[in-house]
Amino acid sequence: MAKREAEQKQIEQTVVQSVSAANEPRTTLSLSLTVSDKKALKMMAAEKGTTIAAIIHGWIEEHNEKEGV
């Protein structure tokens, strides 16, 4: 239980730092994924000590840079 709480605290800190750095308001998005895609995203986030939202945000930034947006 303590390990899970520590992981959650790390995730929350990452999110807070990301939001503070961006200084941009957030919104909620409903997204329909396959069960396996959701599991894959959750595993990626856990391995990186971050959130699914942060992974998606990184993907958007990466693709915006490639497109010159």
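Before anything else, a term: helices (H or I, at least four residues) and strands (E, at least two) are DSSP runs, numbered from the N terminus.

Now the source of what you see. This is a predicted model, where local features need pLDDT of at least 70, side-chain atom pairs count only at pLDDT 80 or more, and totals for chains, interfaces and linings use all residues. Residues are numbered from 1 along each chain as its sequence is written, and side-chain values use heavy atoms, with hydrogens and water left out.

The protein chain has three helices and zero strands, in the order α-α-α along the sequence. Of its 69 residues, 10% are buried, where buried means under 20% relative accessible area, exposed over 50%, and partly exposed in between (1.4 Å probe, protein chains only). The chain exposes about 6100 Å², with 55% supplied by carbon and sulfur atoms; such areas come from the Shrake-Rupley method with a 1.4 Å probe, and for residues only the protein chains shown count as cover.

Next, helix α2. It has 14 residues and spans 20 Å from first C-alpha to last, close to the 20 Å expected at 1.5 Å a residue; the expected span is 1.5 Å times one less than the number of residues. Lys 38 lies in α2 and counts as partly exposed because its relative accessibility is 48%. Its C-alpha is 9.0 Å from that of Ile 52, 14 residues apart along the chain.

What comes after α2? Gly 49 follows the helix, with a positive phi near 65 degrees. Is Gly 49 buried or exposed? It counts as buried, because its relative accessibility is 12%. The C-alpha atoms of Gly 49 and Gln 10 are separated by 6.8 Å, though the two are 39 residues apart along the chain.

Back to Thr 51, which at 15% relative accessibility also counts as buried. A polar atom of its side chain lies 3.0 Å from the backbone nitrogen of Ala 54.

Last, the second largest pocket. On a 1 Å grid over the protein atoms alone, a pocket is an open set of points where a 1.4 Å probe fits, with protein on both sides within 12 Å along at least five of seven lines; lining residues have an atom within 4 Å of a point. The lining includes Gln 10, Gly 49 and Ile 52. α1 (2-22) and α2 (35-48) each give two or more residues to it, and α1 gives the most, with four.

Note on methods. A polar contact is a pair of N or O atoms within 3.5 Å; within protein, one must be able to donate a hydrogen and the other to accept it, and residues adjacent in sequence count only if both atoms are side-chain atoms.
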